[in-house]
Amino acid sequence: MRESLLLLLLKILVLKADFYLLEILNGNANLLSLANDRIESVREGLKLLMTFVANVPEESSDHLEFILTNIEAVAKRIIYLYHSVLTNKITEELIERMYLTLSELLDQIKVNKAKLRELYPQVRGSCFPKTNGLGCVDFLLRNLKELQTHKSKSIATVKNQIERIQGDMEFFRSFLNDRVKERTQHQELKGLGERITEVAYKVEYVIDSIEVGIGDHLQHLLWLDSLLEDISHIKMEAVKSYQKKTCDGIPHNVTRSSAHMISQVSAPEPDEVVVSLSDQEEVIIDRLIKGSLQQDMVSLVGMPGIGKTTLAKKLYNDSRVTYHFHIRAWCCISQVYSKRQVLLDILSNISGLTDYIHKMTDEDLDLELYQQLKGRRYLIVMDDMWSTEAWDDLERSFPDDKNGSTLLITSRIQNVALNAKPNSDPYLLRLLTDDESWSLLQLKSFHGKGCPTELLGVGKEIAQQCKGLPLSVVAVSGLLERTEKKPDLWKQIVDSLSRSLIDDPQTQCKEILELSYEHLPYNLKACFLYFGAFLEDKDISVRKLIWLWIAEGFIKKSEEKSLEDIGEDYLMDLISRSLVLVSKRRSMGRVKTCRVHDMLHDLCLSRSKEEMFLQPITKCDEPFASFDGLDDDVDFDHYYPSKPLIYERHRLCICLERRHFIKSKPSGPRTRSLLFSAVADRYPRCPYDITFIFQNFKLLRVLDLESINMGMFFPIGFDLLVQLRYLAVSGDLDSIPPSIASLWKLETFVVKGLKGMVVLPVIIWSMRMLRHVHVNSCAMFDLQEDQLEGSLVLDNLVTLSTPALSGGKETLKILRRFPNLHRLRCIIFESPSSPMGCNQFPQFDILNQLESLNISGRALNQGELSFPLNLKKLTLSRLRLPWKHMSAIGRLQNLEVLKLLSNAFEGRIWDMREGEFLKLKFLKLDSLNVVEWNATCDHLPNLQQLVLRHCKELEAVPFSFGEIPTLLMIQVQRCGLSTEESVRDIEEQGIEGLKIFISH
């Protein structure tokens, strides 16, 4: 009781002191101008002490007694100061006394703060990433601006401190920008840059923690106060360095970073060039298509980086090979081998994956693959095989029908190939000669234009340093391509490589890759390291990758380009530096999927560990390694620790069996990104309880759970993750709850509905930050008339898939909500509530920014078709339109890609008209019933690629198509013999540059 009374008296005393400080500020203009800053600083410190007095811990300690006694002394001294100012005439002596008192008060408050920090945990900087400093500051400032716009109540009590921090961060951004422009490596400046990076991550952590409610108000004030002190010290040092630079110029011990050699001229997109090992290639192709009728195994063996996968792809895609085999499939075995995943990969190549196949046991998948291959000549590539385990598991799935079927494997280990097929000699890929290395270096660095005379000598030296390993040549050429074409700058690269005096090609390759990484500009380093978040040897969707980069804050906003376009530029830069490989391209050549070489993936992981960028967690890590090989029926509760696994890293990339992940209930109090990839298991559709994530990972900005079924409902608590910018989920969902709007920062929302249609709530119209909404199956908008008549518009939305749209008035109102939509994939259907005859084809022409449109479903009433004039790509399927409507498409002046799939149009005759399809470059016809195609070369004057699949009734491809000057490729797959013969007739014209691919 006595302690409570004493605390109450102390609160009154502190409140009185604060009131008197305010009176001093407001009561005398002379004092205000002279001592304003100091009085404000004392008042700010006093507020922190007031907060502590209002929330004194119950546990008593000597520490606590000292702090309370000191607070009482501070309050009494302020009251005394007030009376001194009030009762005495303002003189110089009084002002000096007041300055001294204020200084002493600040010292007392500082002592109290130090004691308070001992009572409360402070923010440690040791677990934050050390890379992307300027990018982190840029993203932080963007977040702070958004917070101000949103007027978040959670930060209202610390608004002043945040505004001060924001001003200082603007200064730091300018400071770091200057460092990047100068590209200096002075140790003092480098150290300052690292400290700025650390404090920026701390600020981000503290403000986001305040926003989600981690810690109490006093802790928030202590955190911010400590940050402001750190920022003040760093700022003073930064100002000194500026002054030193201004007075003295750049100090003598500053060395220019090798990054100054990087040319600012954009490099052209590289061709995927390799030096042909013709002495081995032709022998292998002959064996593939002219070898024994017995099932054969062809093995490509060699060290990492020698080009095994590159050669295998070249063989796999050779026109002679594609024509010879009925079925071709590619799978990657890799070090972490999963039989189920390999079976699914092969079946995916052959016939695609259905829910029925996903639900099969491993034994059923074995049988399914066997049946699909039975009686057909097949080529199966098994890339990156580390042991014969995969072959032992899968051998019985590959029937030997004595028809020339072949398995092509690549491996680093010769014994793997010999043990898999003892009677089949492997092809040992040799290193390049110095001349071949130089040829490849020239092709990659100069794109066939020839090397300038002054660079010949140093260029050949660099080629020799690559020790004949193609990956080394490709990596160093990516570095040279961005280096100014000056002998002295190229000589620096020679010196960097020759200093190591390494004879082993593989070790030298690692040195070259490290050098390539060091030469990356700051904004690309984080983007490159992010490839470590994905599984080795797996293709990565470029769209998903760029969406993740945006959510992570790697891409800086620009007035001239969209974030997505800048992200694509970053990717193309990495590709041009030969650090990223193109896996698949889109119709017009843009990159669809990409990957990194195994050795570069290892580099990403090693550098990520060193720079605390991300942490991968796999079944090889404890405690999960202990469970490998245990039966499915084992009670894992007996094995798992009672407490959750706690991780400190900024980003976690978890690749485990779903049940292991759920049972372990990992925790990451500071984790900002959680990406989960499921190892293939028997129960991929089984729902799991993921509610632990919302308590254990409160600060997540990126959450990717696309490979785990979270059940029929969104779990309780997901709306607490208010920092989310990227959310990908999967489940037996039929609707999204309105509480999704709590995630007001959300930019990318991916929903994998396992049951079918998913209803989006009305409140989604208020989520103004959304840029990409993707529902894999079918999305319906919860339509309420009053909401549709409102003014809410999703200005930032650029990608939307797959909404179901009727032909009624509601669809027009919905489309008007997306004024800046660039890509739309949708299903159209007949609305039962619309009056008879009102189900017209939707008016897509109001989407005047739309560039890509994919429509499937019912054609409704076949009135006039309307499309946006800016449209560049159009895909139609299952619409069953008559060919007379084709003119509405042909008149689209910017259309470059047209895909007509699965009875998009019906009718036996397609008569093309002149003056249409003037810019069309890519045309795909798949599963149409057209028989007679009446057209000439004049109807498709700019066509580059023609793809025909499953058009079994088509009689012929127009012969004059061979006269289209731009035509580069005709691909025919599973069409009739007459179609194949007509394409052969075109091929026999011997048109230069035209490639023909025919497969049965």
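Predicted model: local features only at pLDDT ≥ 70, side-chain atom pairs only at ≥ 80, totals over all residues.
**Exercise 1. Carry out the steps of Exercise 1 for S902.**

Step 1. S902 is placed in the loop between β22 (897-901) and β23 (905-906).

Step 2. S902 is a residue other than glycine, and its phi is positive, near 45 degrees.

Step 3. With a relative accessible area of 34%, S902 is partly exposed.

**Exercise 2. Describe the peptide bond between E622 and P623 and the one from S801 to T802, and say where P623 and T802 lie.**

Step 1. E622 and P623 are joined by a cis peptide bond, with omega at about 5 degrees.

Step 2. P623 belongs to the loop between β9 (615-617) and β10 (651-656).

Step 3. From S801 to T802 the peptide bond is cis, and omega is near -5 degrees.

Step 4. T802 is part of strand β17 (residues 799-806).

**Exercise 3. How many disulfides does the structure hold, and how far is the sulfur of C620 from the closest cysteine sulfur?**

Step 1. The count of disulfides in the structure is 0.

Step 2. For C620, the closest cysteine sulfur is in C655, at 9.5 Å. A disulfide requires two cysteine sulfur atoms within 2.5 Å, so the sulfur of C620 is too far from that of C655 for a bond.

Step 3. C620 is exposed, with a relative accessible area of 57%. C778, by contrast, is buried, at 12%.

**Exercise 4. Describe the surroundings of Y427.**

Step 1. Y427 lies in strand β5, which covers residues 427-428.

Step 2. The relative accessible area of Y427 is 17%. The limit for buried is under 20%, so Y427 is buried.

Step 3. Leaving aside neighbours within four places in sequence, the contacts of Y427 are V283, I284, R287, V298, S299, L300 and V301.

Step 4. Take V298 from that list. Y427 and V298 are 129 residues apart along the chain, yet 7.7 Å separates their C-alpha atoms.

**Exercise 5. Describe how helices α3 and α4 pack.**

Step 1. Two numbers are needed, because two packed helices are described by the angle between their axes and the distance between the axes.

Step 2. Helix α3 spans residues 62-87 and helix α4 spans residues 92-119. The angle between them is about 160 degrees, and their axes are 10 Å apart.

Step 3. Angles over 145 degrees count as roughly antiparallel, so α3 is roughly antiparallel to α4.

Step 4. The crossing of α3 and α4 is left-handed.

Step 5. Sorted by class, the residues in the contact of α3 with α4 are 16 nonpolar, 6 polar and 4 charged.

**Exercise 6. Summarise the protein chain: its secondary structure, its buried share and the sequence range of its contacts.**

Step 1. The secondary structure comprises 31 helices and 29 strands.

Step 2. The protein chain has 1000 residues, of which 54% count as buried. Y427 is one of the buried residues, and so is C778.

Step 3. Consider contacts between residues at least 6 apart in sequence: 66% of these join residues at least 24 apart.

Technical notes
Residues numbered from 1 in each chain as written. Heavy atoms only, no water. Axes fitted to C-alpha atoms, helices over the stretch in contact; angles between N-to-C directions. Helix = DSSP H or I, 4+ residues; strand = E, 2+ residues; numbered from the N terminus. Parallel < 35°, antiparallel > 145°, perpendicular 65-115°, else oblique. Left-handed = near helix turned anticlockwise from the far one by under 90°. Nonpolar A, V, L, I, M, F, W, Y, C, P; charged D, E, K, R; others polar. Buried < 20%, exposed > 50% of the residue type's maximum accessible area, 1.4 Å probe, protein only. Contact = heavy atoms within 4.5 Å.
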